[in-house]
Amino acid sequence: MHACAQAWAGARQLLGGRSLEVSNSAGALQSLQSGGVGTAADEAGAALQEADTEEGPVLERTSRCPGQCTKYGTCNEELRRCDCPLGHNGTDCSVLASDRERRELCTAYGHTAASCNRVDYAQCINGCNFRGRCTGGFCHCRHGYFGADCSLSLSLDPAAAAAQQAGASASAPSAAAAGAAELLAGQGYAVRASGPRVYVYELPPYINVWQSLDRLDRPLMYMLWQRLLSAGLRVSDPATADFFFVPIRVRLAYDSRRVMDAVSYIRCTWPYWNATGGGERHLFVHTGDWGRDELSEEAQLLTANATWLTHWGLARDHDFAGWKQSHRPGRDIVLPLVLQHSLLTAYRLGRFGPLHPAGRRRERTTTLFFAGRVCGSRAQPWTNGTFPNCPDVLGKEDAYSAATRQRAFYHHHNRTNWKVVTSSQSYAVDMMTSKFCLAPTGGGQGKRGVLSVLMGCVPVTVTDGLMQPFEPELRWDRFGIDVRERDLQLMHEILGGLRPAQIEEFQSNLRCAAQHLFWSSLYGSLFGEDGRYDAFETLVQILRVRAAYPGLAPEEFAYVDASFAAFMTCGEGPAAAGQGGQKQGGGAGQVGAAGAAGAAGAAGTVGPGSGMLGVGGAGLQLALGRAVDGNGTARGGPVRRPRPPGAKQELCSHAELPTHAVTTCNKCVRRRGRLLNPGGTICCNQKDLAKCPRLWD
């Protein structure tokens, strides 16, 4: 073990042996002792030493870790690192914390007695892939398997490891070495041909898996972590990777310390952070309201070259609101929020979904609808004609939502055929019977932009400098209206100036937009979609094009890559382009001038004033000179897998409306907890994640 790893091992021992300061005073300690059966330490020790009762494979080989690591913890055979469950420490995890220390550790990581000691596979990434035992979020993997989800093992057959990587690269010498890591051994796992290829760092468990998932309100990072494997994007050999995924939870300002710890460990253990220019091609997920701006200055500086996937797309400072630029177009990516099941149920989208082919089409008689908080203090806004129209509770004009809600209410709350109110008892019906729905910010990005689209209501965004989910790769101007803040008082004239045909075109584009903005493969189908163009696949395609054309401006993706242009309009890409393995020089993996321009035109991205490159310019040169692998082979775009005649749709449905050849998600017996189904709901009841349905390639 080199000096850097030794330092981290010492830090872990210190963590396990010290008394942590407990900040949660909500009674967790009392509930921890309420079971009345022995001590927490005794129960944990017995659970870890008990033989697993679940069926699953065991690899017969000598462990590379010291002592009794595989008895008490999990041996990361590749790094020769012994990973310990919560409350265990030492070089082989054999040192058990005292009852008091364990109670404090459980509380510090958000656990109660039940979640800290309970065997619950819903608390672990991919449910440990049936290759381990899940206790307190930690996978105690069977001998020979390792990783946060027990998906990794050292290949007994070097040729098998190389073959697994063949889907990612025709030449993978480092994977062919004896003892190379292999994903889902024995399941026939293969990397998706079109990519992108993503390597997931295996970090010490106290950094990313000890936390209780029950305390997560936004579990997107963990869901993406699961889905990368089931979608065939994850690779076990980092030398073949296009991107490097850093699996840590970042939600609030205090998570900055976790970011710095993770980067420090990564730099200490792998060469790729420094080799990529200090974090280039590294992916982080931030689920907080203000994205990168919530990080400490030191954490922002440390990850300045990395790509942040966030919900907050503020691309420049907003002086009035006091918001600082957080999003960097072309480097970071704005992701849509994951809408909770309770919210989708409350809006009755499964029963009355207006975008579902069998859904009821109500007449949209209201011009614009908004209901929600207007004043930051939650006070009722004044309607006596004065502005500011919110109580002066902070000694200055209310800057909540950058004052867009306050100004919209002031100018339009009493406008004929508009409904701008602070609350509504018929929220869902109001959205389904309105042509336009106001989608302002609140304290952060907010959910109305996505929810409006799902309800078939054209979203009206109003915050200057704020990029919407997947913008600019996703053309929001094809299905939404953006009103500048200075024009809020004229919003009725802007909307009233649209011709009926224009409004109809916006509405007709909403179904495709909804597919890009909803995490269908994670949650399940809601409006008859099959998950092929969902938010996860949209993120994948953006990353694929970035890997193929480094430095290309996102506004030019659809012009240069015909497969991407077709995907973004929920259409079929050129079939030959996705075959991969085509030699450079205008072959099937290439996009010619006519193909690129034609597909981009179909996507609504080529034309006067579009900001796109003209035919014959630099975009054409990029189209004819695509990125290739080391052997001169170009990876093309994805190819849609046809569904056999009579076969059911792979993705289950939550819709109560009649949907042809689709099973209900109620039959997903493994679907529970914050992470829903291992591998995403697309893998409903599939034990082997390598066999999850793949909608592309």
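Is Ala402 buried or exposed? In this predicted model, Ala402 is buried, with a relative accessible area of 2%, and therefore falls under the 20% limit used for that label. The residue sits in the loop between β16 and α15. Its backbone also deserves a look, as Ala402 has a positive phi of about 60° without being a glycine. Most residues other than glycine have a negative phi, and most peptide bonds are trans.

The loop that holds Ala402 also contains Pro388, and it runs between β16 (366–371) and α15 (404–412). A cis peptide bond links Pro388 to Phe387, with omega at about 5°. A further cis peptide bond is found between Glu471 and Pro472, where omega is about 15°. Pro472 belongs to the loop that connects β19 (458–461) with β20 (481–482). Another positive phi, near 55°, occurs at Leu676, again a residue other than glycine. Leu676 is located in the segment after β22 (633–634).

Turning to helix packing, α9 (residues 220–230) and α22 (residues 535–548) have axes that come within 12 Å and cross at roughly 70°. The two helices, α9 and α22, are therefore roughly perpendicular to each other, because angles from 65 to 115 degrees are counted that way. On the α9 side, the contact is made by Leu224, Arg227 and Leu228, which meet Phe536, Glu537 and Leu539 of α22. By class, the residues in this contact of α9 with α22 comprise four nonpolar and two charged, with no polar ones.

Terms used: Residues numbered from 1 in each chain as written. Predicted model: local features only at pLDDT ≥ 70, side-chain atom pairs only at ≥ 80, totals over all residues. Heavy atoms only, no water. Helix = DSSP H or I, 4+ residues; strand = E, 2+ residues; numbered from the N terminus. Buried < 20%, exposed > 50% of the residue type's maximum accessible area, 1.4 Å probe, protein only. Axes fitted to C-alpha atoms, helices over the stretch in contact; angles between N-to-C directions. Parallel < 35°, antiparallel > 145°, perpendicular 65-115°, else oblique. Contact = heavy atoms within 4.5 Å. Nonpolar A, V, L, I, M, F, W, Y, C, P; charged D, E, K, R; others polar.
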